[in-house]
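Subject: Structure handover

Hello,

Here is the structure I promised to pass on. Please open it first, then read the notes below.

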Amino acid sequence: MHAARRRTALATTAVAAVALTGATVVSASTAHAATGCRVSYSVASQWPGGFTGNVVLTNLGDAMSSWSLQWTFGAGQQVVQAWNAEISQSGSSVTARNASYNGDLGSNASVSFGFNGSWNNSSNPAPSSFSLNGVACTGGTNPTTPPPNPTTPPPNPTTPPPGQTPTGLVGWATQNGGTTGGGNASPTTVTNSSALSSAISGSGSAVVRVSGTISCSGMLKVGSNKTIVGIGSSATISGCGFNISDQRNVIIRNINFRNWNDDAINVQTESRNVWVDHNSFSNGYDGAVDIKRGSDYITVSWNRVFNHSKSMLLGHSDNNGSQDRGHLRVTYHHNWFDGSGSRHPRVRFGNPVHVFNNYYYDNDYGVASTEDAGVLVEGNYFEDVDDPTHVGYAASDPGTLVARNNHFVNSGTPETAGGVASIPYSYSLTSASQVKSVVTNGAGAGKIGL
């Protein structure tokens, strides 16, 4: 799992902290490098099934150009989403590595990062020890190394450098070279439709920040190498949507889409590497996020769809197999389908399509696999959904569907058939029984501190 920007916590029920200090001297014939560290770990907020952890790492040794912090959880906690670090987990062992913009860590300097995690509601103890670049934080350092400067505050864990693409991407959009959007381009803030349309056009790298409510109509064309991100919790696109057609490397985050008169986000015509993350969709005409016509390497994560019917279509026609087969590989994770009607997603041809850790509530149906698609549906939470999954739908021939480790409350039995191609990327699976709590606290616009 990789890092993402932090979610605003909705509840604070417990706080825990541990501080560890230490160092070990590492020497060689041509260099004398001291390695040492101090770690402050705290649980900033906690709710049933989930929590937010903050970590401040202080380098007590010589300057380093990259860092890797390791610890072990003692009660089955799992990291779900992170910011300002790239975090991976194997069993109880966790490794946090620097992001692209905070690897340089000078002597006595500090770096902060955080994460959202899941826990089992019985205990959530802090880790008992940490190690930096493989060396335990156990006290002291080379006497020639000056002591930590207590007046230097740690960097803000929620704010990477201006224009820097936050990490945290999981799924198909990490493949094919990854998805970086506008990268380090200087941000441009827009407040009206003409400025927005101009800023997102063309193929040059751009970071476009949406401020307030922008009213528009139709579909605005989005060019390659763009990050479009809302400021705060109220950034809104009302009346129109984004058309990503034959483009590459696009990120859309933290925006409220309302009352669109076509699609809210339309990804089509062999577009590649698109990440749609932490948006809210309501009261639109057609699809919230439709992906079609041979598009590929896409992740749709931590979005909320409510007061809307047609959610997420993957593959627009039963007759488009010549373009779609071998493509339409999409990951849908930690989305909240909140009373939305259908298409969560409705899939044609894509294989494997990965649907994990989403919360389904009071939907007409959940996932449909048709026209030779292969869909892995795992670790989701279905509540009041009569038909969690379909194999075949309406006039479309069946695909294949594997369902595993899902949680059902007042819901029907999923339809399954056949097998699905293997998933090529690493990911961390939240326990299905905890998905409702984690997703309702973290999905949608305004939950990542932008």
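A salt bridge here is a side-chain nitrogen of Lys or Arg within 4 Å of a carboxyl oxygen of Asp or Glu. By that rule, the structure holds nine salt bridges.

Some ground rules before the details. This is a predicted model, so local features need pLDDT of at least 70 and side-chain atom pairs count only at pLDDT 80 or more, while totals for chains, interfaces and linings use all residues. Residues are numbered from 1 along each chain as its sequence is written, and side-chain values use heavy atoms, with hydrogens and water left out.

Two more terms come up throughout. Helices (H or I, at least four residues) and strands (E, at least two) are DSSP runs, numbered from the N terminus. Buried means under 20% relative accessible area, exposed means over 50%, and partly exposed lies in between (1.4 Å probe, protein chains only).

Side chains of opposite charge can pair when their charged atoms come close. Take Arg253 and Asp277: their closest N and O atoms are 2.7 Å apart. This pair links distant parts of the chain, with Arg253 in strand E16 (residues 248-253) and Asp277 in strand E19 (residues 272-277), 24 residues apart. Both Arg253 and Asp277 are buried.

Arg343 and Asp286 form another salt bridge, at 3.9 Å from N to O. Arg343 sits in the loop between strands E26 (336-338) and E27 (346-348), and Asp286 in the loop between E20 (280-282) and E21 (289-291), so the pair ties together parts that are 57 residues apart in sequence.

Glu378 and Arg404 also form a salt bridge, with the closest N and O atoms 3.0 Å apart. Glu378 is in strand E31 (residues 374-378) and Arg404 in strand E34 (residues 400-404), 26 residues apart. Arg404, at 39%, counts as partly exposed.

Strands

Two strands pair if DSSP finds at least two bridges between them. Strand E15 (residues 236-245) is mostly covered, with nine of its 10 residues buried. Seven parallel bridges join E15 to strand E13 (residues 213-221). There, Ile214 partners Ile237 of E15. E15 also runs parallel to strand E17 (residues 256-258), over three bridges. Ile237 has Phe257 as its bridge partner in E17. Strand E18 (residues 265-268) pairs with E15 too, in the parallel sense, over four bridges. Phe242 meets Ile265 of E18 there.

Elsewhere, five strands make an open sheet with antiparallel pairing, in the order E6-E7-E4-E9-E10. Strands E6 (85-90) and E10 (135-136) stand at the edges with a single partner strand each, so one side of each is left without a neighbour in the sheet. Within the sheet, E4 (residues 68-72) and E9 (residues 130-132) run antiparallel, joined by three bridges. Gln70 has Ser131 as its bridge partner in E9.

Helix H3

Helix H3 (residues 435-442) is mostly covered: seven of its eight residues are buried. Among them are Val435, Val438 and Val439. Just after H3, Gly444 takes a positive phi of about 105°.

Asp362 lies in the loop between strands E29 (359-361) and E30 (367-370). With 43% relative accessibility, Asp362 counts as partly exposed.

Best wishes
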